[in-house]
Amino acid sequence: MYTIRKAILEDLPKLLEFEQLLIKTERPMDPTIKEGKISYYDIGAFIQQKDTEVLLVETNAKIVASGYAQIKGDRHYLKHDLQGYLGFMYVDKAHRGLGLNKLLIDALIQWCKERDVNEIRLAVYQDNPSAIRAYEKAGFKKHLITMRLDAKDI
């Protein structure tokens with residue numbers, strides 16, 4: 001049985017481990033990520049911020065998945081003023097394919113909706129087809145492509 005709950009500071013060691021596993025997974029997809037130990041997020045601060053909700057999935061008192069939603073201001077020319085941005089979506093390998101990502105996404109979207117934020121966004125690497133499929137199954141659609149060029153290569 002899996003349960004979702006709000007992260008607390010005592011969960012930080014496991015969440016920091018997940019962050020490093022996420023970076024290890026994404027590093028081959030992104031040549032712009034620095035070598036060595038890096039951090040994407042200030043998870044401890046996220047846990048304490050009122051405009052960010054960090055959730056985790058547990059089974060048998062073991063954390064097996066994580067994700068956050070953060071309410072952000074958006075560009076002045078869009079129809080909405082705020083967006084809910086989802087990130088830190090990670091599911092332990094042994095628990096993938098069980099719908100845990102969808103459970104987290106649904107809970108994070110609900111948290112945003114309770115705050116009258118209906119525009120939900122996330123970023124995913126093009127070279128991560130399993131994540132893209134999971135987000136599409138949750139209702140997300142491809143919206144904008146970010147392109148890059150390393151001018152040293154031309």
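Reader: Why is arginine 115 called partly exposed?

Author: Its relative accessibility is 36%, and the label belongs to values between the two limits, since buried means under 20% relative accessible area and exposed over 50%, computed with a 1.4 Å probe on protein chains only; arginine 115 therefore counts as partly exposed. This is a predicted model, in which local features need pLDDT of at least 70 and side-chain atom pairs count only at pLDDT 80 or more, while totals for chains, interfaces and linings use all residues. Residues are numbered from 1 along each chain as its sequence is written, and side-chain values use heavy atoms, with hydrogens and water left out.

Reader: What makes the contact of arginine 115 and glutamate 114 a salt bridge?

Author: The term requires a side-chain nitrogen of Lys or Arg within 4 Å of a carboxyl oxygen of Asp or Glu, and the N to O distance for this pair is 3.7 Å, so the pair meets the rule. Glutamate 114 is itself exposed, because its relative accessible area is 53%. By the same rule the count comes to eight salt bridges.

Reader: Which residues are linked in a network of salt bridges?

Author: The network links Arg5, Asp11 and Glu58. Aspartate 11 and arginine 5 have their closest N and O atoms 2.8 Å apart, and for arginine 5 and glutamate 58 the corresponding distance is 3.1 Å. Arginine 5 belongs to strand β1 (residues 3-6) and glutamate 58 to strand β2 (residues 52-59), so their pairing ties together parts that are 53 residues apart in sequence; strands here are DSSP runs of E with at least two residues, and helices are runs of H or I with at least four, numbered from the N terminus.

Reader: How do you know whether aspartate 11 is buried or exposed?

Author: Its relative accessibility is 7%, so aspartate 11 counts as buried, and glutamate 58, at 16%, counts as buried too. Arginine 5, at 24%, is partly exposed.

Reader: What are the buried residues of helix α4, and why are they placed on the same side of α4?

Author: In helix α4 (residues 129-137) they are Ala131, Ile132 and Tyr135. They cover an arc of only 100 degrees around the axis, which puts them on the same side of α4, the arc being that of the directions from the helix axis to the C-beta atoms.
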